[in-house]
Amino acid sequence: MGELCWWSDRYPEPRALLECEGRAYMCLFSVDKKAAMAMCSAIRFTHIGRVTFAALSLSLLPPLRLHTNLKAKLKFLMMVLPQSVVLPECEAVDVLQPGDAELVTAHWDHSDEESYVQKRIELGSSACVRGPEGEPLSWGLTHSEGAIGVVHTMVASRRCGMGTRVVTALARLIRERGLVPFCYVGEKNEGSRRMFERLGFEPAGAVFWVLCDGIPEPSDDSED
């Protein structure tokens, strides 16, 4: 189960979608609570052990809590680039190479899984500004569900517009595929939020990263 796969509750008009990145990461999307409950009940939490759910809306936390233990939770702001926004003209950028994965992972605050970063470099879109010796100075990529992420600029190269160039390049690539650029910004990452806002990204609500582990213990309490 190392590959990316998708599950839906019905076809061709699904109400709930579950994205699985092996056994380590999952994303759950649902249009209503009933569909979310059904999808959560179908996940075999007793077999998969620890798993991180990414980009969950607040409404999906209660259905998930009924079927697994929520051990940790991080809050992010989802931001979306409206179709009406015209992206600025920027200098051309390079793309990340598999050999860059170690450096990118070392500067990613939210994970230390180099294998995931390498896979996203190989399979997804990426953008990178390089120095005179070819070293990455600023970069970003797309996650498996399409979000712009892992955006970082080396300290000595900040305030030069490199991050803006990287995000602009990624947003263009996403639009060329007929999709809507979006990202997740850490709750306290004001610098990143301001950069995305300058490019025209708008807040679209809070989402949560949740670490789940096993199933809840049976309760002795009974409801009246």
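**Charges.** For my tally, Lys and Arg count as positive and Asp and Glu as negative, while His and the chain ends are not counted. On that basis I found 24 positive and 30 negative charges in the protein chain, and their mean positions lie 4 Å apart. I note here that the model is predicted.

**Whole chain.** I listed seven helices and 10 strands. Next I checked the radius of gyration: it is 19 Å, close to the 17 Å from the globule rule for 224 residues, so the chain is as compact as a globular protein of that length. Along the principal axes, the C-alpha atoms fill a box of roughly 65 × 35 × 35 Å. Of the 224 residues, 42% are buried. I also looked at contacts between residues at least 6 apart in sequence, and 65% of these join residues at least 24 apart. The exposed surface comes to about 12,800 Å², with carbon and sulfur atoms supplying 52% of it.

**Helix H6.** Which elements do the buried residues of H6 pack against? I found strand E6 (126–130), strand E7 (136–142), strand E8 (148–153) and helix H7 (190–198). The buried residues of H6 include Met-162, Gly-163, Arg-165 and Ile-174. Just after H6, Gly-178 takes a positive phi of about 80°.

**Thr-153.** This residue sits in strand E8. I have Thr-153 down as buried, at 12% relative accessible area. Beyond its neighbours within four places in sequence, Thr-153 is in contact with Leu-137, Ser-138, Arg-158, Met-162 and Gly-163. Two of those names, Met-162 and Gly-163, were already on my list of buried H6 residues.

A reminder to myself: most residues other than glycine have a negative phi, and most peptide bonds are trans. I went looking for exceptions.

- The Tyr-11 to Pro-12 peptide bond is cis, with omega near 10°; Pro-12 is in the loop between strand E1 (4–8) and strand E2 (16–21).
- Ala-55 has a positive phi, near 55°, and belongs to strand E4 (residues 50–57).
- Arg-159 also has a positive phi, about 65°, and lies in the loop between E8 and H6.

Methods: Residues are numbered from 1 along each chain as its sequence is written. This is a predicted model: local features need pLDDT of at least 70, side-chain atom pairs count only at pLDDT 80 or more; totals for chains, interfaces and linings use all residues. Side-chain values use heavy atoms; hydrogens and water are left out. Helices (H or I, at least four residues) and strands (E, at least two) are DSSP runs, numbered from the N terminus. The radius of gyration is taken over C-alpha atoms; the globule rule is 2.2 Å times the number of residues to the power 0.38. Buried means under 20% relative accessible area, exposed over 50%, partly exposed in between (1.4 Å probe, protein chains only). Contact means heavy atoms within 4.5 Å. Accessible areas come from the Shrake-Rupley method with a 1.4 Å probe; for residues, only the protein chains shown count as cover. The place of a charge is taken as NZ of Lys, CZ of Arg, CG of Asp or CD of Glu.
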